[in-house]
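Here is a short briefing on chain contacts, domains and strand pairing. Please look over the structure first.

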Amino acid sequence: MIEASAFLEAAVRTATPLLLAAAGETVCERAGVINIGLEGCIIAGAFAAFVAGPAGTAAGYAAAVGAGLAFGLMLALFVVALRRDQIITGTALTMLALGTTGTLFRARADAVLVHATEGPLTVPLLSRIPIVGTAFFGQPAITYVAVVMVPIVALWLYRTHAGLSLRAVGEAPEAARAAGIHVPLVVTGAIAFGSAMGGLAGGALVLAQAGTFAEGMSAGRGFLAIAIVALGRWRPWGVLLASVVFGAAMAFQFAVQALGWNLRYELVLMIPYVLTLIALSLFRRGDAPAMLGRTEG
Amino acid sequence: MMLLEQGAGVVRILDAFWRGSVGTSSALISGTLVRAVPLTVVGVGIAIAFRAGVFNIGGEGQLLAGAIAATLTGLNMDAGPALTVLAALVMAAIAGAAWAGVAALLRARFGVLEVISTIMLNFIAANLVSYLVRGPMQEPTHIYPQTELIAPVARLPRLLPQTRLHAGALIAVIIAIAAWWVMTRTAAGFRLRAAGASASAARTAGRIDVSRVAAMALLTSGAFAGLAGGIEVAGVTFGLYENLSPGYGFSAIAVAILGRLHPLAILGSAFVFAALETGALGMQRDAGVPSVVASAIEAMAILLVVGAGAWSRWMPRRSVGARVSADGAA
Amino acid sequence: MTVGAAVDGVALQLRGIIKRFGAVTALDRAHLTVRGGTVHALVGENGAGKSTLMRIAAGLETVDAGSVELFGRRARGGSVAESAASGLGMVHQHLSLVPALTTTENFALGRHGLYRGDAVGALLARTSADAGLSITPDVPVSELSIVEQQRLEIVKALARGARILVLDEPTAVLAPQEVQDLLSWIRRFAARGGTIVLVTHKLREVIAVADDVTVLRRGAVVLTRAVAGASEEALADAIFGQGAVGPNGTQPSSAAPNGDVVVHVDAMDVSDLRGVTRIRAATLDIRRGEIVGVAAVEGSGHRELMLAVAGLRAPDSGRLVLPRGIAFVPADRARDAMIPEFSLTENFALRGAGSRRGVISWPDMTQRTRAGIARFEVVASSPAAPARSLSGGNQQRLILARELEGDVDLVVADNPTRGLDARGTRFVHEQLRAAAARGAAVVMHSSDLDEVLGLASRVLVVHHGTVREQPVDRDVVGRAMLGVE
C-alpha cells in the first residue's frame with residue numbers, strides 16, 4: 001500500500017534526528033551525565049545549519065556539529081571543571097540556546113530562506129523492495145549516517161578499552177580512578193560527543209527535513225532523545241529500536257491523515273510526549289548507569 | 001555586539017527599552033507590573049520546590065492547566081462576582097497541583113526524574129490547550145482558535161482604572177508574603193528547608209519524612225503555577241487561547257534563582273525580569289530588536305549565578321528521585 | 001609468570017613514621033619490618049593507626065617523618081603509581097570494583113587499545129590459576145559474593161605485578177568457612193614465596209596464619225615478635241593494655257539498678273539498608289539511670305543496633321519497645337546531626353521538626369538556643385551564626401545542648417567525643433553521667449574501649465551480629481570483641 005510505505009518513510013525520516021541525538025546521549029549518559037542541554041544543542045545545530053546551509057550541505061552539517069559542540073563544552077565546563085549541578089546547568093543552556101537562536105533568527109533582515117532539503121540517496125536495488133524499499137533505502141544520506149552510528153557506538157563501547165573506561169566512569173568513578181583512568185577527561189569527551197551529535201541532529205532537522213528554521217523547532221526532541229535512551233536501556237541497538245518507535249509516534253500524524261481517522265491533530269501530537277512518560281515509568285532506572293545525574297562527592 | 005549589528009543606534013535601542021519598560025506610566029503599570037504578576041506567583045512556587053530539592057521545570061504546563069480550569073469555571077459558573085472569581089482561582093490552583101501531581105507520582109513510584117516529566121507535561125499541556133481551543137472549547141463562531149470571553153463576574157477587578165493592572169497583583173504580593181511567612185515561620189516550612197538542605201540530617205536529627213516533604217513541595221509548586229494561570233485568565237486574557245503564556249514558566253525559573261529562592265526577593269527579581277521582557281517588546285516595536293533577546297539574557301543570568309556557585313548556601317542539593325543510595329540518602 | 005616470586009630479605013620496611021592529621025598524631029614513630037616470603041600481621045584497636053600505616057606504604061598518604069623502603073628501594077612517598085611499580089598491591093577494606101561490569105572487565109580496567117575479551121579472559125584465567133584463586137569470568141561483579149569480589153581484587157593486584165600484598169581487614173565481612181579458605185590461601189601464597197601484610201584485629205587469625213606480628217596502640221608500636229609461642233591473651237593485653245578501669249581512674253557510674261525499664265528488646269533482628277541482617281536475636285533491657293556501653297569493632301553490627309535503639313531503624317523481627325523522649329548523637333555529626341549552612345538556632349530547631357505543628361516562635365527558639373549555648377559552653381558569636389562556623393568541638397556541644405534539653409528518657413550516643421580535645425571529652429562524659437543521674441537511660445558506643453569502660457555500668461559486646469552482656473572488665477570485654485573465648 002502506498003499509504004503504509006509513505007508512513008514508514010516518514011517514520012524513518014522523522015526518526016533520524018532522534019536517533020542521532022539519542023546515540024550521542026547514550027554515550028554521554030553511560031559516562032554518568034544526563035544532558036538536559038541536549039535540546040539546546042539540537043536547536044543550536046539547527047540554526048547553524050540554517051545559516052551555513054547556502055554554502056553547501058557539508059558546510060551546513062559541519063556548522064551544526066560545531067554549534068552543538070560549543071554548548072556541550074559549556075556544559076562540560078560547568079559540570080566537570082566547576083562541579084556544578086548537571087540538571088540546572090543543562091536547563092539554563094537549553095534556555096540560552098532557545099533564546100539566542102530565536103533572537104538571531106528574528107534579527108535576520110533578509111527574507112526567510114527555504115532550502116531545498118537534501119534529496120534522497122537511493123540505494124539502487126534495495127530501494128525497489130515493495131513497501132519498505134523507499135522507507136529504508138531511499139533516505140537522505142544523513143539517515144544512513146545515523147544508522148551506521150549505532151554499530152560504531154556499540155563497538156566502541158564494548159570492544160575498546162576506552163569504551164570500557166567510559167562505562168566504568170559512569171558506574172563507579174572512584175574505582176575507575178583507582179584503576180588509573182582520567183575521569184574528568186572521559187566525562188568531558190562523552191559530553192562533547194553527545195552534544196556534537198545533538199548539533200548534528202539539529203542539522204538533519206533543517207537540511208534533511210524542514211528545509212528552513214523556525215523558533216523552537218526542536219519541539220522537545222532533546223528530551224525525547226533522553227527518553228529514547230532510557231527506553232533502549234542505554235544500549236545502542238535498543239536505542240535504534242526505540243528511535244524508530246518514537247519516529248513512528250511523531251510521524252503518526254501523517255498516518256492519521258492518510259487513514260482518514262477522525263483523531264484530532266493536537267491530540268496526536270501529544271503522543272510522543274505521553275510515550276516518553278510511559279517509557280520512563282515502565283522501564284525502571286535500575287539499568288541506568290549508577291552515577292547518572294549525580295555530581296560526585 | 002549582537003544588538004549593534006542590527007544597525008540600530010544604541011541610544012535608540014536603549015530609549016525604546018526604557019520607554020517600553022518603565023519610562024512611561026502606561027508601560028510601567030499596564031506592561032511591566034501586569035507581567036510581573038505571573039512571574040511572581042510561578043516564581044514563588046518554583047522557589048518552594050527548589051528549596052525542597054525538587055526541580056520543577058513544569059511551571060509552563062501547570063500554568064496552562066490552571067488557565068484551562070479557570071476558563072472552564074469562568075464560562076460555566078455564575079455565583080456572583082466574588083465567589084465566581086474565587087472559584088475560578090481555586091480550581092486553577094487545584095488543576096496546577098494535579099498537573100504537577102502526575103510528575104510527583106512518577107517520581108515517587110517509578111523514580112522518574114521530575115525535570116524530564118515536568119517538561120514533557122509542558123508539551124502535553126500546550127497541545128491540550130491547542131486541542132481545546134480548536135475543539136470542545138472553541139468560541140461559537142468556530143473561526144478563531146480561542147474560547148469565548150469569560151463573563152464579567154468571573155473577572156478580576158481593575159486596581160487602577162484605564163490600566164490593565166488587576167487585582168491579581170495584590171494576590172501576587174499577598175502570596176509572596178504568605179509563602180515567605182510559611183517558609184520561615186512555620187514548622188512545615190522549616191521541614192521543607194531542612195529536607196532540601198540536608199536530607200540525611202533532616203531524617204536523622206529532625207525525623208522528617210523527606211520523601212513526603214518533597215512530594216508536597218512539588219504539588220504546592222504546581223498549585224502556585226496553576227493559580228498564576230488562573231490569574232492570567234481572570235485578569236488579563238479573559239479567555240483561553242494558544243500561546244497564552246509567553247514562556248512565563250521558564251522565565252520564572254530565572255526569577256526564582258536570581259531571587260535566591262527568597263519569596264520577598266522574588267518580588268523584586270520578578271519586577272526586573274518583567275521590565276526586561278516588556279522593555280524588550282518595546283525594543284522590538286520601536287527599534288526592531290527581537291524581544292526574544294530577553295530570554296537569552298535570562299538564561300545567561302542563570303548561568304552566571306550557577307557559575308559563581310556561591311549558591312551552595314541557599315540552593316539545596318537535588319534529592320535524587322526515589323532511589324536509595326548506599327547510605328540511605330534518597 | 002610465577003606469582004609472588006620468592007623474595008629473600010626484607011620486603012617492606014617502615015621506620016620512624018610520624019603522621020599527624022591536624023592536632024591529632026595518628027602515628028608516633030611507628031615502624032614495621034616485613035620479611036620476604038612471610039605473613040606479617042598488623043593488629044590493633046580501631047583508631048590505633050593500622051590503616052594509616054599501610055596507606056602510607058601504598059603511597060596513598062605522605063609522612064611527616066620517617067622512611068618507606070620497598071624491596072630495598074627507598075620510596076619518595078605519596079605516589080600510588082610508585083608503590084605499585086615497586087611491587088606493593090593493596091586490597092582495601094572497601095573494595096574498588098565496578099559492580100555493573102563483569103569480573104573480566106574489572107580485571108582489565110585501565111588499559112588501552114582494543115578490548116579483546118578472549119585475551120583478557122585468558123590472562124585472568126592464568127593469573128587466577130597461578131594464584132590458586134578461582135574466579136568466574138564474565139559475571140557481573142554485583143552478582144558476586146563478597147568473597148569472590150575479594151578474590152578478584154587480589155588477582156587484579158597480582159596481575160599488576162604485586163609481590164607484596166596488603167590485605168586490610170579482609171575477614172571483617174566473611175563467614176567462618178570463607179575465613180578459613182582465605183587463611184589457607186594466605187599460607188599457600190607465602191609458602192610459594194609471596195609476602196603478605198594482614199591488617200586485622202582478629203587474634204585467632206593472627207595465631208593461625210601469621211609468622212610475625214606487630215601490635216599498634218594509639219599510633220605507636222607496643223609489640224613486635226614472632227607469632228610462634230605467643231598466646232591470644234598476651235596479644236590481647238598488648239592491644240588493649242591492662243586494667244579494668246578507665247584512664248582517668250574514675251569509677252564507672254553506679255546506677256539506680258532498680259529503675260524502670262526504658263528500652264525493652266526481645267529477639268530483635270536488624271538489617272542494614274542493603275537488606276543484610278546485621279543484628280541477630282538481640283535481647284536486652286535497659287533501665288533508667290544506667291549507662292550501657294556498647295563495645296564492638298567496626299563491622300560487627302553495632303551501628304544498626306544503635307540506630308534501632310534510637311528509633312531510626314525498624315527491626316525485621318522481634319520486639320522493640322522504646323520510650324518517647326529519645327536523644328540521639330550520631331557518629332557522623334556533619335552529615336546526620338546538623339545542617340552546616342543553617343544557623344545555630346535553626347539547628348536547634350531540628351529536634352522534633354518532624355512532628356512539630358503550626359508556627360515556630362523564633363524568639364523562643366533563639367532563647368532556648370541561647371540557654372543551651374550557655375549551659376553547654378558553646379563558643380559561638382551568636383545564635384544566628386551558621387553552624388559550620390563552629391569548631392568541631394563546639395558543634396558537638398551544640399548538638400548535645402539540643403538533644404539533652406528538657407526531659408529525655410533515653411540517650412543514644414555514637415562516638416560522641418570523636419574529634420574533641422580533652423576538655424571537650426570530659427564535658428561530654430559529664431553530660432552523659434548527668435543525664436543518667438537525672439533518670440535517663442544512656443546507651444553509648446565508642447571506638448575507644450577505655451572510654452566505654454570508664455563510663456559504663458554495664459557493657460554489651462556486639463560481635464558478628466550477636467549482642468551479649470559482659471562484665472565491666474577490660475580483658476574480658478576486649479577478648480569478647482574479638483570473638484576470643
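Into which domains is chain C divided? Domain 1 spans 10-240 and domain 2 spans 261-481, with bounds from an automatic or database domain assignment. This is a predicted model: local features need pLDDT of at least 70, side-chain atom pairs count only at pLDDT 80 or more, and totals for chains, interfaces and linings use all residues. Residues are numbered from 1 along each chain as its sequence is written, while chains are lettered from A and ligands numbered from 1 in the order in which they are written.

**Domains of chain C**
- The C-alpha centres of the two domains of chain C lie 34 Å apart.
- Domain 1 of chain C gives nine residues to the contact and domain 2 of chain C gives 10 (contact: C-beta atoms, placed from the backbone, within 7 Å).
- The domain 1 side has five nonpolar, three polar and one charged residues (nonpolar: Ala, Val, Leu, Ile, Met, Phe, Trp, Tyr, Cys and Pro; charged: Asp, Glu, Lys and Arg; polar: the others, Gly among them).

**Chains A and B**
- Chain A puts 37 residues into the contact, and chain B 36 residues.
- On the chain A side, H4 (86-107), H10 (221-231) and H12 (265-282) each supply at least two residues (helices: DSSP runs of H or I, at least four residues; strands: E, at least two; both numbered from the N terminus).
- H4(A) gives the most, with 14 residues.

**Strands of chain C**
- E1(C) (residues 10-21) and E2(C) (residues 24-35) pair antiparallel over nine bridges (pairing: at least two DSSP bridges).
- C:Leu14 stands opposite C:Leu32 in E2(C).
- Two residues separate E1(C) and E2(C) in a hairpin, and C:Gly22 in the turn has a positive phi of about 65°.
- E1(C) also runs antiparallel to E4(C) (residues 65-70), joined by five bridges.

Note on methods. Two residues are in contact if their C-beta atoms, placed from the backbone, lie within 7 Å.
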